[in-house]
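I opened the model today to look up a few side-chain details. My notes follow in the order in which I checked things.

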Amino acid sequence: MKKIILTGGGTAGHVTPNLALLPFLKEKGYDIRYIGSYQGIEKKLIEGAGIPYEGISSGKLRRYFDLKNFSDPFRVVKGYAEALKIIRTYKPDVVFSKGGFVAVPVVLAAKHYKVPTVIHESDITPGLANKLCIPSARKVCCNFPETLPYLPEEKAVLTGSPIRADLLKGDRLSGLQFTHLSPDRPIILVIGGSLGSVRVNTAVRNILSRLLETFQVIHICGKEHLDDQLIGLPGYVQYEYVDKPLKHLFAAADIVISRAGANSICELLALRKPNLLIPLSAAASRGDQILNARSFEKQGFSAVLEEEAMTDDALYQAIQDLYTDRQTYIHAMEQTQQKNAVETIVSLIEDCVSAS
């Protein structure tokens, strides 16, 4: 039996593309293992999918001063030793990495044992973790045409992002039943990312009374970001995280407010959901979400409101405009010739196994 190790973690965006590949890899006859961090969000998601999971030590490699910069390199070294042991024992034919810092020691360990690796870069510009992994990779997949100049020409493949087939099978009625909302009023789905977004959560709640005059709101606000004072408010439901029912919440939603993580916006494109993107600010990140959002705005897929311009009135008006013009966004998304990323990536994995 062919063997594959999947890796990636830190946020759900580093895990859900791996989940999208699982049915197709199983169909091709692969025995699958997953390497992630000890207690990251990936552990719960992968174990929930019934895939054997191995945790390793993980440290973040920061570009800025932080006291953890002195201790995290030791965690990375420990993670590398643990990954070496797993790969030596399991003897995979290939590794697929979705990125995140937990993936770095796995990819380097695979290189040590001459195991071919395929990696995927979601954002327009490669993050630091993937920059460290690219020299060790056989192929590098990406979502955006704008990414290709940043990658080695002989390794780069424009694939798009793997989308879970199950996500496209949502049912509006099931979403309404899950949330106990009415079918007679439009619904906004707010997604702050798997770790939540304090800025987005606060901004939406600041204008909640105005929104509820017209809309109903499903708010996925992230772990420990529930507001107890809003529990039971008519027309408003909030969740820390939603997994399997998420497809039904998407089906129930008329418009979506979201961060601009690459996997998230590719899912919105596949679902043809009119969306307002609020990218993580450049002050709080390397600016990748801003580039992602502007690319989708340029193609007519998304409206964009940057954090620095996000007043209560600006957010309320942007939501109103998005809902009014929602058919324009749907039409633009319907014109895209989205690639079948899952088939393309599985084909690259198969090529690596055949060549090794």
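How many aromatic pairs does the structure hold? I find 5 aromatic pairs, where rings of Phe, Tyr and Trp (its six-membered ring) pair if their centres lie within 6.5 Å, and planes under 30 degrees apart count as stacked, over 60 as edge-to-face and the rest as tilted.

I note that this is a predicted model, in which local features need pLDDT of at least 70, side-chain atom pairs count only at pLDDT 80 or more, and totals for chains, interfaces and linings use all residues. Residues are numbered from 1 along each chain as its sequence is written, and side-chain values use heavy atoms, with hydrogens and water left out.

**Aromatic rings.** I looked up F144 and F296, an edge-to-face pair at 6.2 Å centre to centre with 75 degrees between the planes. F144 sits in the loop between strand 6 (139-142) and strand 7 (156-158), and F296 is in helix 11 (residues 288-298), 152 residues apart. Helices (H or I, at least four residues) and strands (E, at least two) are DSSP runs, numbered from the N terminus. I then found F296 paired edge-to-face with F301, at 5.3 Å centre to centre and 85 degrees between the planes. F144, F296 and F301 form one aromatic cluster.

Buried means under 20% relative accessible area, exposed over 50%, and partly exposed in between (1.4 Å probe, protein chains only).

**Charges over rings.** I checked for NZ of Lys or CZ of Arg within 6 Å of a ring centre and within 35 degrees of the ring normal. R210 lies over the face of Y316, 4.7 Å from the ring centre. R326 has its charged end over the ring of Y323, 3.9 Å from the centre.

**Cysteines.** I counted 0 disulfides, taking a disulfide as a pair of cysteine sulfur atoms within 2.5 Å. C141 counts as buried because its relative accessibility is 0%.

**D93.** I found D93 in the loop between helix 3 (72-90) and strand 4 (94-97). D93 counts as partly exposed because its relative accessibility is 27%. Its side chain reaches the backbone nitrogen of K3 at 2.7 Å, a polar contact being a pair of N or O atoms within 3.5 Å; within protein, one must be able to donate a hydrogen and the other to accept it, and residues adjacent in sequence count only if both atoms are side-chain atoms.
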